[in-house]
Amino acid sequence: MLIVHQIMERLGHSPDFVCHEFALSPDLGLFCIYISSIVSTEHANEFIFKPILEQNLDARALHDPKSWLESLIPKAQTDAFKEATEGIQRLLEGQCLLISSSGDCRLSYDIAKGQNRSVSEPTTEASIRGPREGFVEDIARNVALIRKRLKSEHLIFEQLIIGTETKTKVYLTYIDNIAQVKVVEEFRRRLNSIHADSILESSYIEEWIQDNTWSPFPQLLFTERPDSVVAKLMEGQVVVMTDGTPIALVGPVTFFQFFNSPEDYYQRADIATLSRWLRFFAFLLSIFVPALYIAVVSYHPELLPNSLLISLAAQREEVPFPAFFEAAIMMVTFEILREAGLRMPRIAGQSISIVGALVLGEAAVEAGLVSAAMVIVVSLTAISNFVSPNYGFGIAQRIIQFAFMILAGLMGLFGLMCGVFFVLIHLVSLRSFGVKYFTPLAPLVLSAWRDTLFRVPRYKMKRFPHRRMQNK
Amino acid sequence: MKASRLGVVLTLLALCTGCWDIKDINTLAIVSLAGVDKDPKSGDFLAYYQVMNPTGLSTRTGSSAKAAVYTFNFKDFSHGRFTEKTGRAMPRLFFTAHLQSYIISERYAREGILDLINYVELNPERRSNLIIFVSDSPLDVIMNSFTPLDRVPGRFMRSLSNHYQRNFRMNIYPIRFKDLEKDLKRQTPTVIPIIHYNGVKAASKSDEIEKINATQNGLTFAEGAVFIHARMVGRLDDKSKVLFYILNKKYRRLTETITVNGSYVDVEAQNIQVQRKWIAPGSHLSFDIHADLRIINNQQKRKMTLQNLQQIEASFNKMLEAKAEALEQMSKDKGWDLLGIQDHGGNEDSWRQTKVTFHVTSTMTTTGNTSTPYLLE
Amino acid sequence: MEQANLSGWQLFNLTLVFIIGTSFILLPGSLIADAKQYGWLVFIWAFLYGIILGGLWLYLSSKFPGLSIVQIAVQVLGKWAGGFVSLLYVLFFIQIASWVTRNMSDFMHINVMPRTPLSVFNIMILAVCAYAVVKGIESIAMVCELLSLLLTLPFWIPFSIMIQEWDWQNFNVPYVFHPWETFLNTRYALAFPFMETVSFMMIFPFAGRRLNLAFLSGIGFAGINLTLSILFTIGVLGVERASHLIYPIFIIFREMEFTNFIEHLESVLSINILLIVCIKLSLLFYCAVLAICQLFEVKERGVVAYPLIWIISAYALFFKNIVENVNWVKMYLFNYYALYAIVIPAVLIICARMRKKGRFRKRETAT
């Protein structure tokens, strides 16, 4: 009785708190407590109330209520508990507590109901060929999606509960005869040292466990596709899955893995190689083109071929701003458009993108605020930003491109090159869980080039991961 | 703490000084053609700079200006003073990185242009791979004329020279400042084309180029100016100029009219290869010339047979040998080492006595579309 | 000292970039003026000399494995004399670093951006190199690895295109070749790139097994590169023009014209030079900072690196103009470098032998 009072004190004020009292006999009363919003009441009725109410009381019920109850109710989900705090915890997880009036029989049953969306196509990583399943918010179903593809006994899931208030379930996943022991240990150590009160998304965990918070380049890859996760597990990487979000974190990761899309492995090898080169080229375009435009137009007009020089000069005749401000205005406007496009309700979003891009650009040129070449530069940059298969990397590109623009505006090509050197040193010194960020280009590991700059056909990918990982 | 913050602020401020170098495109006066003349009496230089007008050149609608270029002229006694002087009349920053060509007046060329060469080499704004022309018309007439078809006169001249450039081995037409510099210490002359203005008055209004007759007020390049040690010593006519290039500078094409069986045949010699050989070192030099022939115009009144072709070849060989010998004679008379004898193993004192023989062989390779001319019988 | 591990390929690249450094823009002008069309021969005996010196240093380093030259000096000569020698080396590294900085700022100032003051170039590039130094030698080595191909190809491909302007006549300049006289006149070519590599003695402890091969082949390959570039310069520009120009290779790139559209390629060369100088400067800066840290037992490199920016930048403005610089270099450079590159290592070897330090010590338990 006391325990019931304790529980009611803590949670009784909640409108979804339910406490039934069954008086089965003058000696035996039963309290059934649950939180109605997170349990499935059909289960409750079917498996708990019906058996109890329909069963006849016999001698055993009076002497040993615990074993009587256990025999009635399906064993698979039964658990005993002792303290009130434990009981409250289980109530909050969606279990139903059965407490006898004498207080010595305390059982809990798991009847949680998941409010989940069904497995659908991943929104951030679409692919033409390949499975269309993406993770969902419930971690149990995500584990199911992985297990369905990887039926190996070496697949290990380690559960951790992180977040003092949210008590989020986090699974550390790896294949124990492929992944390196040191890396797994490092993951475990870092996850265990998180002191936070809430973990709502995998990005919270990412911020806690990554090597370098101030770098714009992500050191953990995130993905929403189970086939991608399984492929990375097979390469020896470690995956962190978080309950409540479909995004899984993968590490350790190198710079060049951000240019891989799962599409590469489902298309033909030569197309995949060419697509990869296109992505590298788009990356370089997006970070260099605005800066180069500003540097060349403001500081080094001798670089342009004669006819281009004349046409640019004619276009810039009417523009009142120096090149740097013109570029800054256009880029900032484009960023605003992009942010607005994200938040617009779906119907209006389409029109904004078309209106913004075409009309705004066209109108700005007609009004004489920017030159036509600038609009081309900005559109090219913006589109190249989206070529990276990983969204987090696209954000890094934007920061770098603005930084280069400022440097180019201040000191022309000299400033730009100093910036390039700076970024290179930074990239090369980044570590993702001990692995150097720019492997296999620096340090040079020629054997790993099969899957970085090229995607060689499968019969050439001869080395198995547990040998490859030693080079990393 | 304070010191390091101050240090950071100062560094950031210092970085802003990079902006002093901003040369925004639409603040530049882009010079496309430069002309230099020297007054022999006073020693003053007259410099003409032709600046491109971007709005006049662009194809966008709404541009009202029609003039593609504007010419400014300045007068001063030393080359370096012009950079500052231009600021007094030109509203924009003087920008010479896109100079297409340079024109030098004949009277300045005859005095020697070593001072101009020194100036161009020293100045980091100028480049030495500009093509040079010598003009025998008054310089202000040429610099103040518009040109048809290519609205920027500097580009007009450069594309005219590009036409010749393709026929040189390695695509280099050696009429640039750097070729003059290279030949400064050598004995072989450099031949620079002479431009000549056909009309009387300068075509100084852009309406003039709306006229259909393009040659009336246009420019022609025909003769060549002979420069030895950066000083003009004389003129060469067109044919001799081409022959000079063939014998020395790897020009590979020649169009000639030869008379075969009493009628004219125009042939084009392609892939001309010239080899020098000293038969007796220092005293007897032999040139072996080989060409592939192509018939452009055949006015003979007989069928084209193999024998006929051989006749054409033989006729061409003889004619070319005669022309080369004429060139050699002229070069020895005038004292210009046009054959490059001294630089290729000859002796400075005795080059005039060196015997030179020419041996020309040719092969007919292309004959055109007809196998036999039409005959009226 | 940090735990870093450099592979043979990384060391090779570092040596290559270090030696090529600023020499390929500065040396051709004065070399061709001194040795006319035999300028390229000067480089051949220069890099052979460089290899011999390299062998000397490798020998010294092999006797004291895992120690940099500063630590060797302290061990061999004792605390006070060794400390003094180490201090000399620190000043030496700072001196070279400030010359390199000055050369680069001069180049940028004359050719690209004439109105910006020199100190701004100095500070910008030193700030970036200080960041590189703080990140460590491994980062510098990796960036060097990355960039070496990107630096070689854009240099040699346009350069090879200029072969169309080659003229064998350029080698027929009337000049009598006196080998010994030329050798004495061009002593600075021996000193300038090849004796500066004594700074690598600070980095030898980080290298692995392939140290000897990597280092010596780096010197050789750099020497071949430089020889070829001078040969090209003479062939393309001619002795006359090349000896009158201060930066002949830059002018070659400037006048390059390929299909009327691709021209004005000198900015490619400027970018090349800038990146090479960044790497060389980071290396020198790193050696200086490491020497100071080892001498005064400072743990963090950042504390030493950032103040050094100001010192080097100020010292770089020592010469008033480039002619003074060139004069001083011609007359005194060889003697100045000889102290650090030949005299001190030789003294160290002799003293170590005499006092039986390092590997010279006979093992008691020799088997």
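## A helix pair in chain C

In this predicted model, helix H3 (residues 39–63) of chain C and helix H15 (residues 322–355) of chain C have axes that come within 10 Å and cross at roughly 35°; helices are DSSP runs of H or I with at least four residues, and strands are runs of E with at least two. The axes are lines fitted to C-alpha atoms over the stretch in contact, with angles running from 0 to 180 degrees between N-to-C directions.

Leu53(C), Leu56(C), Trp57(C), Leu60(C) and Lys63(C) of H3(C) meet Ala341(C), Pro345(C), Leu348(C), Ile349(C) and Ala352(C) of H15(C), where contact requires C-beta atoms, placed from the backbone, within 7 Å. These residues divide into 9 nonpolar, no polar and 1 charged, with Ala, Val, Leu, Ile, Met, Phe, Trp, Tyr, Cys and Pro counted as nonpolar, Asp, Glu, Lys and Arg as charged, and the others, Gly among them, as polar.

## Chain A: fold and confidence

Chain A has 17 helices and 12 strands, and its C-alpha trace spans about 105 × 55 × 40 Å along the principal axes. The mean pLDDT (the predictor's confidence in each residue, from 0 to 100) of chain A is 83, and 92% of its residues reach 70 or more.

## Conventions

Residues are numbered from 1 along each chain as its sequence is written, while chains are lettered from A and ligands numbered from 1 in the order in which they are written. Because the model is predicted, local features need pLDDT of at least 70 and side-chain atom pairs count only at pLDDT 80 or more, whereas totals for chains, interfaces and linings use all residues.

Technical notes
Contact = placed C-beta atoms within 7 Å.
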